[in-house]
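Hi,

Here is the model I promised to pass on. Have a look at it first, and my notes follow below.

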Amino acid sequence: MTATVWITVGGLCLVTAVIKALGPLLFGGRQLPSLIGRVIPRLAPALLAALVITETFGGHGRSLVIDARAGGLVAAAVAIAARAPLAVVVLCAAAVTALLRALG
Amino acid sequence: MPARASGRLAAGVRAGVPYGVAGTLLGLSFGVLARPVMGPAATIITSVVVFAGSAQFAALAVLSAGGGAAAAIVAGLLLNLRFLAMGIAIAPSLPHGALGRALRGQALVDASWALANRGDGSFDIDLLLGSTLAQYPCWVLGTVIGVLAGGAIGNPDSLGLDAIFPAFFLGLLVAELRRSRAGMVAVAGAAIALALTPVAPAGVPIIAAALAVLVPGRLRRRAPVAAVTPAARSSPDQRR
């Protein structure tokens, strides 16, 4: 297990550094084609929305589950609507999820 | 460093602090969850050298399930692929040499990238660097706290720590939507992820959601984030 863990750490470090460097290296300092330039501002909402979905409803393996995290996400949405600071938002999500699990 | 750049850097640090505070809790949850699987040292070192929350959680999920190193690395890689897109997006804003660009790319994290997005296709790189500078120590510190406290916490699920991550991304998303009104793009991205989560390996639904950028409609941006700091508001030329 120990070797597996350290190989994972080293591998993750390497692939993360390479992926983060690749875009700036290959496309640095010049204008992107205008189509790419126009879609890029839209990447953030698309990717962030997808991350919300997969982190909330992703189960073990390839599955979709609705569990206490969904309740936590609703709590987060309420906190965000009330313009709470982000740290408060994530604490609300954790608290409600914990509460639902304690009750369930 | 020119005064203007250091001013933007400082603005980035200030803008990054709220994300850093939330990131501490994220790091804490990683520390608690990873310690029993990876051991205390490897858990902390992962946060120090990888610094990519979603990839770390994905790799951890594979290891927890008894998977091997290759599967864990691929899971992390898939979740990190979005940084390829983000890196291409910031590239035209990097007038530096190859090494300088590659090094600045290392500062890419979701919150900083979203903050630095001016909405016209360009990015405020100094703001991005400052914001990451504020978040990195928080992420590592949170992990250390999680590792140290993990033994006392017992079952981390009972604390709802796994809900912290989606809540964090929801916060980033709403902040982005308040600026860009790209609601339809977000809905399309969510729908793609929802449809693919039951059938595709972790990470793939997120990459596929990038196709949501093709949803028709003009993106209207209200105010670039960079303008929220008083300094930038009083002297707009600082944003160039």
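Let me start with helix α3 (residues 43–57) of chain A: its 15 residues reach 21 Å from first C-alpha to last, close to the 21 Å expected at 1.5 Å a residue (the expected span being 1.5 Å times one less than the number of residues). Helices here are DSSP runs of H or I with at least four residues, strands are runs of E with at least two, and both are numbered from the N terminus. In α3(A), 15 of the 15 residues are buried, so the helix is largely enclosed by the rest of the structure. Buried means 20 or more other C-beta atoms within 10 Å of a residue's own, with C-beta atoms placed from the backbone.

Some housekeeping: this is a predicted model, where local features need pLDDT of at least 70 and side-chain atom pairs count only at pLDDT 80 or more, while totals for chains, interfaces and linings use all residues. Residues are numbered from 1 along each chain as its sequence is written, and chains are lettered from A and ligands numbered from 1 in the order in which they are written.

Chain B has 12 helices and zero strands. Of its 240 residues, 58% are buried.

Now the contact between the chains. It takes 94 residues from chain B and 70 residues from chain A, a contact being two residues whose C-beta atoms, placed from the backbone, lie within 7 Å. On the chain B side, helix α9 (residues 164–180) gives the most, with 14 residues. That side divides into 70 nonpolar, 18 polar and six charged residues (nonpolar: Ala, Val, Leu, Ile, Met, Phe, Trp, Tyr, Cys and Pro; charged: Asp, Glu, Lys and Arg; polar: the others, Gly among them).

The axes of α1 (residues 2–27) of chain A and α2 (residues 40–49) of chain B come within 9 Å and cross at roughly 5° (axes are lines fitted to C-alpha atoms over the stretch in contact, with angles from 0 to 180 degrees between N-to-C directions). The two helices are therefore roughly parallel, the cut-off for that being under 35 degrees. V5(A), W6(A), V9(A), L12(A) and C13(A) meet A42(B), I45(B), T46(B) and V49(B) there.

Leaving aside neighbours within four places in sequence, A93(A) is in contact with residues including G72(A), L73(A), G160(B) and I164(B).

Cheers

Methods
Angles under 35 degrees count as roughly parallel, over 145 as roughly antiparallel, 65 to 115 as roughly perpendicular and the rest as oblique. A residue is buried if 20 or more other C-beta atoms lie within 10 Å of its own, exposed if 12 or fewer, and partly exposed in between; C-beta atoms are placed from the backbone.
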